[in-house]
2 protein chains.
Amino acid sequence: MIALVATLKIQEGKNAEFEAVFRELSQQVRANEPGNVLYQLTRTSDPNTYKVLEIYKDEAATAAHRDAEHFKAAGPKLGAVLAGRPEIERLTTVD
Amino acid sequence: MIALVATLKIQEGKNAEFEAVFRELSQQVRANEPGNVLYQLTRTSDPNTYKVLEIYKDEAATAAHRDAEHFKAAGPKLGAVLAGRPEIERLTTVD
C-alpha cells in the first residue's frame, strides 16, 4: 500500500478554520473513497504545523483522491489558511 | 488519540532480517494490544531508513505497548540490526 505523510503549515491564528475545513474533508474522504485506508489529521508540537497520515490501497486510490470533487472543493478553502504548499513524504507499507 | 512516527535507520544489508523481526512484532501488537489502532511499518525513499506509523487510543495504550512482553522481546533482535536509536515524533490526532 502507499502511505503519505503530508506536512501542512498554516497561517497564524487560522487553526480553528483549518481544522473545520479539514474535518469536513476527512469525513468526505472516509465516506467516498473506498481505496483510502487512513486519512488522519494530527497536531505536531508546533501549533502552526499539522501532519496528515494517509494510507491508500494502491496507486489508483491515490489518483482517485486527487481527482475527487470533495478534494478539489477543499483546495481554495485550505489555500486561504495554509502558509505555503504542503510537503508530501511518500512511503511504501511493508506487510 | 496519540500518533507516533518512528524513524528507524538500519545497518547496511540488514533489510530482510529487520523486516522479518518487525513483521512478527506487528502481528503481536495487533493481536495483543487493544489500545493500538495502527502499527504500520513503511519503507522510505532511503533503503536503510524505515518509518513506523503508529496510533494509540490513549496514553495508557502507549504505556501498554512499551511494557508489553512482545515489545521487550523484540528489543535485542531489533538492536542487532538498527544503526542507532529510533527517532520518535509524537503527534495528537484531530477528530
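Modeller: Let's start at a strand pairing: A:Thr93 has B:Thr42, in strand 2 of chain B, as its bridge partner. This is a predicted model, where local features need pLDDT of at least 70, side-chain atom pairs count only at pLDDT 80 or more, and totals for chains, interfaces and linings use all residues. Residues are numbered from 1 along each chain as written, chains are lettered from A in the order written, and side-chain values use heavy atoms, without hydrogens and water.

Biologist: How many bridges join strand 4 of chain A to strand 2 of chain B, and do they run parallel or antiparallel?

Modeller: Two bridges, and the strands run antiparallel. Strands are DSSP runs of E, at least two residues, and helices are runs of H or I, at least four, numbered from the N terminus. Two strands pair if DSSP finds at least two bridges between them.

Biologist: What area do chain B and chain A bury between them?

Modeller: About 1,800 Å², with 60% of it on carbon and sulfur atoms. That's the accessible area (1.4 Å probe) lost on putting the two parts together, summed over both. In contact (heavy atoms within 4.5 Å) are 21 residues of chain B and 21 residues of chain A.

Biologist: How many salt bridges are there between chain B and chain A?

Modeller: Two, counting a Lys or Arg side-chain nitrogen within 4 Å of an Asp or Glu carboxyl oxygen. B:Lys51 and A:Glu89 form a salt bridge, at 2.9 Å from N to O.

Biologist: Which strand of chain B gives the largest share of the side touching chain A?

Modeller: Strand 2 of chain B, with five residues.

Biologist: Switching topic, how many salt bridges over all chains?

Modeller: The structure holds 10. A:Arg43 and A:Glu19 meet in a salt bridge, 2.9 Å from N to O. A:Arg43 sits in strand 2 of chain A and A:Glu19 in helix 1, 24 residues apart, so the pair links distant parts of the chain.

Biologist: What feature does UniProt place at residues 2-90 of chain A?

Modeller: The unreviewed entry says "domain: ABM", though annotations may be inferred rather than shown by experiment. The span is 43% helix and 31% strand, and its end C-alpha atoms lie 7 Å apart.
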